[in-house]
Protein chains: 2
Amino acid sequence: MDGQLPDADVDALAFDVFTRRCPSRPTLEHVTGRWGSLTLGALAEGRLRFNELRRRVDGVSEKMLSQTLQALERDGLVHREAQPVNPPRVDYELTPLGQEVAARLIALIELVEGRMPEVLTARERYDAVRGAR
Amino acid sequence: MDGQLPDADVDALAFDVFTRRCPSRPTLEHVTGRWGSLTLGALAEGRLRFNELRRRVDGVSEKMLSQTLQALERDGLVHREAQPVNPPRVDYELTPLGQEVAARLIALIELVEGRMPEVLTARERYDAVRGAR
DNA sequence: CGGGATCCGAGACGATACTG
DNA sequence: CAGTATCGTCTCGGATCCCG
């Protein structure tokens, strides 16, 4: 191998995400999106209520959290369980499929987090060269 | 294991992506973003030129591809190599770090692609219940 | 508490034209 | 070929108010 990924992985990459009108793109965007990734990451720790989730994912607005959860629920990654009590109580948790997705996502997030020092120095070098802009 | 992820993974999740002003969020967004993920996926196959990349990632505009590549290069995930010839020739390839990131990303993409049937049926069920809206 | 409805600004994005 | 510049659109996303 010459520094690229093994052929097995590359061949398996011949899916259609690269194609415009492909059903997997929207789902992938829900998963990897700004709030989708953080929401899945938070739910990987266990079942959470709406406002618990809201506190965990710092910076998310009610609207976006609600929107994100609906998209993930629709895709079958998150299960929503509303109890008809007062005050209302709604729990969110990952489905089995959601757990698999979250696991891969977390692997990615952990890698990026762990390598941030490298990223930061790379940025400095880049900015130093192209100081003008 | 009670259906959630192992404690080891969960504990490791105590990073700061969940925090608003954290340097890793932007990078994560570059990686997982709409065009970032597809660009890294395409480059995982090997070194590509600008327009090759543009053809591979269906639907991306010149502007967005250029922008995406600059962000990824700045983060140290992509290496840009310009040859001062005429006509101009510029090759893009993953850095070692970029390859690691791409590998995790591809694992995620493949999982989502492979489970699309489940996602699709989940959607139908969801839409059937909430037909009204 | 768990949302939905609405308004509004900022930035993402695409199409086109232009340059080296 | 490999971009940059400009412009118009359109969606994202936050703030606010409201309801069960």
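A polar contact is a pair of N or O atoms within 3.5 Å; within protein, one atom must be able to donate a hydrogen and the other to accept it, and residues adjacent in sequence count only if both atoms are side-chain atoms. This is a predicted model: local features need pLDDT of at least 70, side-chain atom pairs count only at pLDDT 80 or more, and totals for chains, interfaces and linings use all residues. Residues are numbered from 1 along each chain as its sequence is written, chains are lettered from A and ligands numbered from 1 in the order in which they are written, and side-chain values use heavy atoms, with hydrogens and water left out.

**Exercise 1. Describe the surface near DNA strand C.**

Step 1. Count the residues. DNA strand C is surrounded by 20 residues, each with a heavy atom within 4 Å of the strand. The closest are Ser66(A), Arg80(A), Tyr92(A), Lys63(B) and Met64(B).

Step 2. Look at the DNA side. Of the atoms of DNA strand C that come within 4 Å of the protein, 64% belong to sugar and phosphate.

Step 3. Find phosphate partners. The side chain of Arg80(A) places an N or O atom 2.4 Å from a phosphate oxygen of DNA strand C. For Arg49(A), the value is 3.0 Å.

Step 4. Assign elements. Helices (H or I, at least four residues) and strands (E, at least two) are DSSP runs, numbered from the N terminus. H5(A) gives the most to this surface, with four residues.

Step 5. Sort by class. The surface has eight nonpolar, five polar and seven charged residues. Ala, Val, Leu, Ile, Met, Phe, Trp, Tyr, Cys and Pro count as nonpolar, Asp, Glu, Lys and Arg as charged, and the others, Gly among them, as polar.

**Exercise 2. Describe the interface of chain B and chain A.**

Step 1. Size it. In chain B, 68 residues are in contact with 67 residues of chain A (heavy atoms within 4.5 Å). The two chains bury about 6500 Å² between them, 60% of it on carbon and sulfur atoms. Buried area is the accessible area (1.4 Å probe) that two parts lose on being put together, summed over both.

Step 2. Count the salt bridges. The rule finds 10 across the interface (a side-chain nitrogen of Lys or Arg within 4 Å of a carboxyl oxygen of Asp or Glu). Arg123(A) and Asp75(B) meet in a salt bridge, 2.9 Å from N to O.

Step 3. Count the polar contacts. There are 23 residue pairs, both at pLDDT 80 or more.

Step 4. Find the main contributor. On the side of chain B that touches chain A, the largest share, 15 residues, comes from H6(B).
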